[in-house]
Amino acid sequence: MPWGDAGAAMGFKAISWAWGVKLCLVPARSVNSMNAPQNDLRLVDDELPLLASLVPLAGRDIIELGCGAAPLARALVQRHPDARVTGLEVDERQHAKNLAAPQAGLRFMLGAAQAIPFEDARFDLVLMLKSLHHVPMALMATALREAARVLRAGGHLYVSEPVYA
């Protein structure tokens, strides 16, 4: 099933965006003004199964922008040990914590989404998991252009953001 069909079957909207990059909108949490859960959206607590259903992961070069403690990246390399994952983190304290907890198949670098320190067409998959909203508004378009720049032809950009109503 193509990634768009898989997302639609799960109740998510898939869109095509500038630079030919495909996005699947995945609501992480939805609440109304009274903080009551919305029943029309699915809550996704573990995105790895969803991600694996949408894009190939085995043997891929992957970068997670704004990785934080990198829980998904860590789980991904455990499930797909032939994947090569780079976690890019802008916060120096979190980056130091990541370096203090190494894991095979996973490397960490200090950097920001709006200035990715890699050459063009370096990755098969770019992940932004609850990190795009941390990019300053004035730099958001730059960050998305950077994500597109480091993607190989046929690569995927996966953006997951919290959704509140």
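## Salt bridges across the chain

Arg-122 and Asp-61 pair up through their side chains in a salt bridge, at 3.9 Å from N to O. A salt bridge here is a side-chain nitrogen of Lys or Arg within 4 Å of a carboxyl oxygen of Asp or Glu.

A quick word on the model: it is predicted, so local features need pLDDT of at least 70 and side-chain atom pairs count only at pLDDT 80 or more, while totals for chains, interfaces and linings use all residues. Residues are numbered from 1 along each chain as its sequence is written, and side-chain values use heavy atoms, with hydrogens and water left out.

## A network, and one more pair

How many salt bridges does the structure hold? There are eight. Asp-61, Arg-84, Glu-119, Arg-122, Asp-124 and Arg-152 are linked in a network of them. Within this group, the side chains of Arg-152 and Asp-124 meet at 3.0 Å, N to O. Arg-152 lies in strand E7 and Asp-124 in strand E6, so this bridge ties together parts 28 residues apart in sequence. Arg-152 has 27% relative accessibility and therefore counts as partly exposed, whereas Asp-124, at 17%, counts as buried.

Then there's Glu-47 with Lys-130, whose side chains form a salt bridge at 2.0 Å, N to O. Glu-47 sits in helix H2 and Lys-130 in the loop between E6 and H5, so the pair connects parts that are 83 residues apart in sequence. Is Glu-47 buried or exposed? At 6% relative accessibility, Glu-47 counts as buried; Lys-130, at 28%, counts as partly exposed.

Most residues other than glycine have a negative phi. With 39% relative accessibility, Ala-121 counts as partly exposed.

## How H2 and H3 cross

Helix H2 covers residues 47-54 and helix H3 residues 71-79; their axes come within 10 Å and cross at roughly 60°. For the record, helices (H or I, at least four residues) and strands (E, at least two) are DSSP runs, numbered from the N terminus. Axes are lines fitted to C-alpha atoms, for helices over the stretch in contact, and angles run from 0 to 180 degrees between N-to-C directions. H2 and H3 are therefore oblique to each other (under 35 degrees counts as roughly parallel, over 145 as roughly antiparallel, 65 to 115 as roughly perpendicular, and the rest as oblique).

Which residues meet? On the H2 side they are Glu-47, Leu-48, Pro-49, Leu-51 and Ala-52, and on the H3 side Leu-72, Ala-75, Leu-76 and Arg-79, with contact meaning heavy atoms within 4.5 Å.

## The buried side of H5

Helix H5 spans residues 140-150, and its buried residues are Met-140, Ala-143, Leu-144, Glu-146, Ala-147, Ala-148 and Val-150. These buried residues pack against strand E3 (61-65), strand E6 (123-129) and strand E7 (151-160).

Note on methods:
Buried means under 20% relative accessible area, exposed over 50%, partly exposed in between (1.4 Å probe, protein chains only).
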